[in-house]
Amino acid sequence: MLAAAALLAMSGCNKAEKSASEDTAATGTAAASNNEAGTGGVIQLTTEGFLEKVVNYRDQNDKMWNYLGDKPAVVDFYADWCRPCRMMAPFLEEAAGKYAGQVYIYKINVDKETEVATSFGIQGIPTLMFIPVGRDPEVIVGAIGKEALFSKIEDILK
């Protein structure tokens, strides 16, 4: 039971766990690319970018998921202070290169873009949203390994 608790603690961060010493930590996401979507870089989104590229939850009256992209996407909800989020950053960068032109890899900082985080009920980070075209997204809370990330991307490409 103790091992399970330790594993859970290592796999994700709760937004309330933020400490002053981690607040200014570098993330690897500072270098996140603002390249055009699908060209091989992780794309940092603001709330407005999320509303334009992923889903405009402000205009949805019927609670139906209406993904706006033309290719599958992965959205990483993260925070700069979150150690598991920082561990995931290189995997996301590698995935953006490997699946360039096939899938969008987006990142959204839950501390800066609180409206999006609140709208989707993000409470633990990292939270990864895997969005296939024409189907509902799948959400995973907590860090996952590179192989699991690539496997989930392959699933949304099908």
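Because the model is predicted, local features are reported only at pLDDT of at least 70 and side-chain atom pairs only at pLDDT 80 or more, while totals for chains, interfaces and linings use all residues. Residues are numbered from 1 along each chain as its sequence is written, and side-chain values use heavy atoms, with hydrogens and water left out.

The protein contains six helices and seven strands. Helices (H or I, at least four residues) and strands (E, at least two) are DSSP runs, numbered from the N terminus. Read from the N terminus, the order of elements is α-β-α-β-α-β-α-β-α-β-β-β-α. The protein has 158 residues, of which 44% count as buried. Here buried means under 20% relative accessible area, exposed over 50%, and partly exposed in between (1.4 Å probe, protein chains only). Among contacts in the protein with a separation of 6 or more, 72% are between residues 24 or more positions apart; a contact means heavy atoms within 4.5 Å.

Five strands form an open sheet in the order 2-4-3-6-7, and their pairing is mixed. Strand 2 (43-44) and strand 7 (138-141) stand at the edges with a single partner strand each, so one side of each has no neighbour in the sheet. Strands of a sheet pair through backbone hydrogen bonds, either parallel or antiparallel. Two strands are taken to pair if DSSP finds at least two bridges between them. Strand 2 and strand 4 run parallel and are joined by two bridges, with I43 having Y106 of strand 4 as its bridge partner. Strand 3 and strand 4 also run parallel, joined by six bridges. V74 takes part in both pairings, with I105 as its bridge partner in strand 4 and F130 opposite it in strand 6. Strand 6 and strand 7 are antiparallel over four bridges, and M129 has V139 in strand 7 as its bridge partner.

Strand 4 is mostly covered, with six of its six residues buried. Y104, Y106 and I108 lie on one side and I105, K107 and N109 on the other, and both faces are covered. K107 belongs to this strand, which spans residues 104-109. Its relative accessible area is 2%, so K107 counts as buried. The side chain of K107 makes a polar contact with the side chain of D76 at 2.4 Å. A polar contact is a pair of N or O atoms within 3.5 Å; within protein, one must be able to donate a hydrogen and the other to accept it, and residues adjacent in sequence count only if both atoms are side-chain atoms.

Two backbone features occur around strand 6. Most residues other than glycine have a negative phi, and most peptide bonds are trans. The peptide bond joining I125 and P126 is cis, with omega about 0°, and P126 lies in the loop between strand 5 (124-125) and strand 6. The hairpin of strand 6 and strand 7 has six residues between the strands, and in this hairpin G134 takes a positive phi near 80°.

Helix 4 (residues 83-98) has 16 residues and reaches 24 Å from its first C-alpha to its last, close to the 22 Å expected at 1.5 Å a residue. The expected span is 1.5 Å times one less than the number of residues. A kink of about 30° lies at A89, shortly before the proline P90; the bend at a residue is the angle between axes fitted to the seven residues ending there and the seven starting there. Buried residues of helix 4 include P84, M88, A89 and L92.

Q102 is in the loop between helix 4 and strand 4. With a relative accessibility of 38%, Q102 counts as partly exposed. Apart from its neighbours within four places in sequence, Q102 is in contact with K71, P72 and L157. The C-alpha atoms of Q102 and I153 are separated by 9.8 Å, although these residues are 51 residues apart along the chain. T47, in helix 3 (residues 47-53), is buried at a relative accessible area of 9%. Leaving aside neighbours within four places in sequence, T47 is in contact with Y57, R58, E113, E115 and V116.
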